[in-house]
Amino acid sequence: MISQELIDLLSLMTTPCSIVSLTRTPVRNATVGGAPGSAHLTGKAADLVYDTRVDLLAGAREALDAGAPGIELDLANLHLHIDAKPRIWRVATIDGGKTETPLEPWLMAQ
């Protein structure tokens with residue numbers, strides 16, 4: 001079941017994208033290499049893929065504006081992970097996942 005917090009976050013995001021993952025079973029989570037305590041297991045995470053870099057950056061800004069506590073932007077794959085877990089974790093990976101950088105300052109420079 002998708003959490004109401006995640007539904008609320010997604011409802012504030014308007015840039016076109018494809019939702020490629022929401023709730024996962026433990027088996028599916030392990031198969032895709034998800035973290036053991038992934039927010040996908042409790043319906044509190046979504047993986048979004050965008051067609052262009054411009055759309056990805058717009059989606060990340062929308063997630064920030066919506067107050068998403070968990071955001072991971074993957075520039076190489078035009079992928080945005082958002083989650084509604086009660087923590088603040090916002091990063092961008094801009095070099096194929098090798099290095100994480102704080103999202104807000106990086107996004108402001110784009």
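The model I am reading is predicted.

Next I checked the strands around that pair. Strand E2 covers residues 45-49, and strand E4 covers residues 79-83. I noted that E2 and E4 pair in the antiparallel sense, over 5 bridges.

Then I traced the sheet. I found an open sheet of 6 strands with mixed pairing. I wrote down its order as E1-E2-E4-E3-E5-E6. Strand E1 (18-21) and strand E6 (100-102) are the edge strands, and each pairs on one side only. From one strand to the next, the twist averages 25°.

I turned to what packs on the sheet. Helix H3 does, and it touches strand E3 (70-74), E4 and strand E5 (89-93). The direction of H3 makes about 170° with that of E3.

Salt bridges came next. How many does a search of the whole structure find? I got 1. The side chains of Asp47 and Arg24 meet in this salt bridge, at 2.9 Å, N to O. Asp47 sits in strand E2 and Arg24 in the loop between E1 and helix H2 (26-31), so the pair ties together parts that are 23 residues apart in sequence. Are the two partners buried or exposed? Asp47 is buried, with a relative accessible area of 7%. Arg24 also counts as buried, at 13% relative accessibility.

Last, I looked at Glu62 in helix H3, which spans residues 53-66. Glu62 is buried yet has no salt bridge. The nearest side chain of opposite charge is Arg61, 9.6 Å away. Leaving aside neighbours within four places in sequence, I found Glu62 in contact with Met13, Thr14 and Thr15.

Note on methods. Residues are numbered from 1 along each chain as its sequence is written. This is a predicted model: local features need pLDDT of at least 70, side-chain atom pairs count only at pLDDT 80 or more; totals for chains, interfaces and linings use all residues. Side-chain values use heavy atoms; hydrogens and water are left out. Helices (H or I, at least four residues) and strands (E, at least two) are DSSP runs, numbered from the N terminus. Buried means under 20% relative accessible area, exposed over 50%, partly exposed in between (1.4 Å probe, protein chains only). Lys and Arg count as positive and Asp and Glu as negative; His and the chain ends are not counted. A salt bridge is a side-chain nitrogen of Lys or Arg within 4 Å of a carboxyl oxygen of Asp or Glu. Contact means heavy atoms within 4.5 Å. Two strands pair if DSSP finds at least two bridges between them. Axes are lines fitted to C-alpha atoms, for helices over the stretch in contact, and angles run from 0 to 180 degrees between N-to-C directions.
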